[in-house]
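Subject: Structure for you to look through

Dear colleague,

I am passing on the structure we spoke of, and below it I have written out what was found. Please keep it open while you read, so that you can follow each part in turn.

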Amino acid sequence: MKQQTLALHAGYEKDSQGTMAVPIYQTTAYEFRDVEHAANLFALKELGNIYTRLNNPTTDVLEKRFATLEAGEAALATASGMAAIFYAIANAAEAGDNIVCASQLYGGTLTQAAHTFKRFGIEARFFDVHDPEQIKTLVDERTKVIFFESLTNPSIDVADIEAIVSIADEYGILTIVDNTVATPILCQPLKHGVDVVVHSASKYTTGQGLAIGGIMVERKMVADKLKDNPRYPQFNEPDESYHGLVYLDTPLPPYTLRARLTLLRDIGAVVAPFNSWLFIQGLETLPIRMPVHSKNAMMVAEFLVSHPKVLKVNYPGLVSDPNHELAMKYFKDGMCSGLLSFEVEDFETAKAIVDRTKIFSLVVNIGDSKSIITHPASTTHQQLSEAEMLACGVKPGLIRLSIGLEDPEDLIADLKQALEG
Ligand code: PLP
């Protein structure tokens, strides 16, 4: 089936009431039939609902639908995109290990990797997403993850997914890709051999800036990469914290299973059922929205290129953009999503332009149906050092736009008056 059909139907079997909308199961816990039933559920002899920190029927539909859209095997929804990224990495790495990350990352991911994981004894090493060969100089026997974004925020670079995957596979290392900006409608990294995909569902998934959430999706047959791989004993050896369970000895998708049974159980950044329901509503129109975001962004990018005050425009849809070829290879019909950025002379010029826009809202978010303008140097990337900022492509005069679903002519008129005001 095609993405638009799957976005409306995958993962949902109507209940006995024939309910068309996916019901919101607003509950903390679930009654067991008897003690044996309860024991069977805890022992995974039977699968079913135990407690909403571990699973929930509304969230289950979201997980199944997202896994289907990403052409994956199983998914785990979380309370935020940051939680999904944390769980995806912490499922593979522990104190003493290292992770190799692209430098061009969302600011929050960069600080999580460089600072929070460091405090947990996990070292982050960085490579330029345009030079995957650097990965070879960074990995060793304690490298557990190679992490990158398919379409980077805010530097708007496109990763050569297959080049990175082929290096990772050479060493038997898991790849994790943040596919938030591209969405599964434009790009399906798992089909290019990536092992795990993560998302901030707070962006295009909700589509209207309604809720914070995240999701992690595992590739089919990721078990083959984990099986007897000395890098990942936690999937091959008994887990003391789960009465000796060996994750790879079960028929269940191991990456999601372990993240759910250990990380979600013990750390508990679980998505609320109501938010899962909002994400399900958003997914229904995602395949319709992404082409419009992409078309509008292309028109805005073309306008900006032609404006004398604009020094540089970063949008892979432009033939002149250095990422264009990769975008044509990896993104459906060459559509490049709604995120673009442009550079003006300096910090002060950027500030004045941002303040003069009227339709664009000054907000630190992306992927809303309403257009958004951000000045990364004073907001999302403020906490980074100057060197870290430059390494991830953020200059003082950089302005980021998340192009929404308004009429593109109105957006262009707004930017024109802001640039010339
Ligand atoms: N990944 C990307 C690419 C993002 O842009 C963001 C947030 O802006 C996140 C992850 C973090 O997601 P959340 O805000 O849902 O925690």
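Before the first distance, one term is needed: the bounds of a domain, as the word is used here, come from an automatic or database domain assignment. Please also bear in mind that this is a predicted model.

For the protein chain, that assignment gives domain 1, covering 3-274, and domain 2, covering 289-420. Between the C-alpha centres of domain 1 and domain 2 there is a distance of 29 Å, and the contact between them draws on 37 residues from domain 1 and 37 residues from domain 2.

The size of an interface is often given as the accessible area lost when the parts come together. Here domain 1 and domain 2 bury about 2900 Å² between them, and 63% of that area lies on carbon and sulfur atoms. On the side of domain 1, the residues that lose the most area to domain 2 are Ile156, Leu186 and Tyr204, which together account for 26% of what that side buries.

Turning to the polar side of this interface, 14 residue pairs are in polar contact between domain 1 and domain 2, counting pairs in which both residues have pLDDT 80 or more. Three elements, α5 (107-119), α7 (161-171) and α8 (183-186), each give two or more residues to the side of domain 1 that touches domain 2, and of these α5 gives the most, with 4 residues. The rule for salt bridges finds 1 across the interface. In the model, the side chains of Lys329 and Glu162 meet in a salt bridge, at 3.2 Å from N to O.

The next part concerns a sheet. Its 5 strands follow the order β8-β9-β12-β11-β10, and they form an open sheet with mixed pairing. At its edges are β8 (312-314) and β10 (361-362), each of which pairs on one side only.

Helix α12 (residues 273-305) lies across β8, β9 and β12, running at about 10° to β9, while helix α14 (residues 347-356) lies across β10, β11 (372-374) and β12, running at about 30° to β12.

With best wishes

Technical notes:
Residues are numbered from 1 along each chain as its sequence is written. This is a predicted model: local features need pLDDT of at least 70, side-chain atom pairs count only at pLDDT 80 or more; totals for chains, interfaces and linings use all residues. Side-chain values use heavy atoms; hydrogens and water are left out. Two strands pair if DSSP finds at least two bridges between them. Contact means heavy atoms within 4.5 Å. Axes are lines fitted to C-alpha atoms, for helices over the stretch in contact, and angles run from 0 to 180 degrees between N-to-C directions. Buried area is the accessible area (1.4 Å probe) that two parts lose on being put together, summed over both. A salt bridge is a side-chain nitrogen of Lys or Arg within 4 Å of a carboxyl oxygen of Asp or Glu. A polar contact is a pair of N or O atoms within 3.5 Å; within protein, one must be able to donate a hydrogen and the other to accept it, and residues adjacent in sequence count only if both atoms are side-chain atoms.
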